[in-house]
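Visitor: I am new to this structure. Please show it to me, and then let us go through it by question and answer.

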Amino acid sequence: MLYLVRHAKAGSRSEWVGDDRVRPLSGPGRRQAAALATRLAALSKGDLVSSPYVRCMQTLEPLAVALGTTVRADDRLAEDTGFVGAIALLAEVPDGSVLCSHGDVIPDTIGALERRGCAFAGAPDWRKASVWVLSRDADGAITRAACWPPPES
């Protein structure tokens with residue numbers, strides 16, 4: 001299994017002054033990140049990889065603390081990068097890895113997986129802190145996807 005997380009709630013984009021890449025999680029977003037860590041700690045056995053944007057890194061940091069590891073930033077998960085890099089990264093990481101990205105990259109990536117024949121269980125949930133659970137076959141192809149709703153904040 002792989003886990004593709006949309007970053008938790010961040011402060012308002014329209015109210016943020018300065019570089020959007022450094023916009024942090026809000027209080028509710030920090031609570032969502034802690035809840036995600038609790039849920040994913042027993043499942044995560046691979047890498048923790050995130051968009052370099054602060055809000056994505058902060059979403060995975062509580063999980064990294066729980067696992068005694070670090071979050072690796074990867075530009076392929078950044079906003080406005082499309083799905084190609086994310087698909088490549090999903091093929092590279094070991095099972096049990098958790099990746100964190102944005103509300104534009106994740107739907108594009110899920111759509112690309114669907115075009116490649118991935119089957120979906122349940123309805124998609126694009127809200128912040130939702131988690132896509134992706135299953136791979138023996139050849140490494142992602143064949144099944146299901147979405148967990150975000151934790152309460």
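Visitor: Let us begin with helix α3. Which elements are included in what covers its buried residues?
Guide: This is a predicted model. Helix α3 spans residues 84–92, and its buried residues are Gly85, Ala86, Ile87, Leu89 and Leu90. The cover over them includes β1, β2, β4 (98–101), α4 (105–115), β6 (131–136) and β7 (142–148).

Visitor: Which elements do the buried residues of α4 pack against?
Guide: Start with the residues themselves. In α4, Val105, Ile106, Thr109, Ile110, Gly111, Ala112 and Leu113 are buried. They pack against β1, α3, β4, β5, β6 and β7.

Visitor: What box do the C-alpha atoms fill?
Guide: The box is taken along the principal axes. Its dimensions are roughly 45 × 30 × 25 Å.

Visitor: Among contacts with a separation of 6 or more, what share comes from residues 24 or more positions apart?
Guide: Take the contacts in the chain with a separation of 6 or more. Then keep those between residues 24 or more positions apart. Their share is 63%.

Visitor: Is Ser50 buried or exposed?
Guide: Ser50 sits in strand β2, residues 48–50. Beyond its neighbours within four places in sequence, Ser50 has contacts that include Cys56, Met57, Leu60, Val71 and Cys100. Its relative accessible area is 0%, so Ser50 is buried.

Visitor: And Tyr3, is that residue buried or exposed?
Guide: Tyr3 belongs to strand β1, residues 2–6. Leaving out residues up to four places away in sequence, Tyr3 touches Leu40, Leu43, Val131, Trp132 and Trp148, among others. With a relative accessible area of 5%, under the 20% cut-off, Tyr3 is therefore buried.

Visitor: How far apart are the C-alpha atoms of Tyr3 and Ala66?
Guide: Along the chain, Tyr3 and Ala66 are 63 residues apart.

Visitor: Asp80 has a positive phi; is Asp80 buried or exposed?
Guide: Asp80 is not a glycine, yet its phi is about 60°. Asp80 lies in the loop between β3 (72–73) and α3. Exposed means over 50% relative accessible area. At 69%, Asp80 is therefore exposed.

Visitor: Ala129 also has a positive phi. Is Ala129 buried or exposed?
Guide: The phi of Ala129 is about 75°, and Ala129 is not a glycine. Ala129 lies in the loop between β5 (119–121) and β6. Its relative accessible area is 0%, so Ala129 is buried.

Terms used. Residues are numbered from 1 along each chain as its sequence is written. This is a predicted model: local features need pLDDT of at least 70, side-chain atom pairs count only at pLDDT 80 or more; totals for chains, interfaces and linings use all residues. Side-chain values use heavy atoms; hydrogens and water are left out. Helices (H or I, at least four residues) and strands (E, at least two) are DSSP runs, numbered from the N terminus. Buried means under 20% relative accessible area, exposed over 50%, partly exposed in between (1.4 Å probe, protein chains only). Contact means heavy atoms within 4.5 Å.
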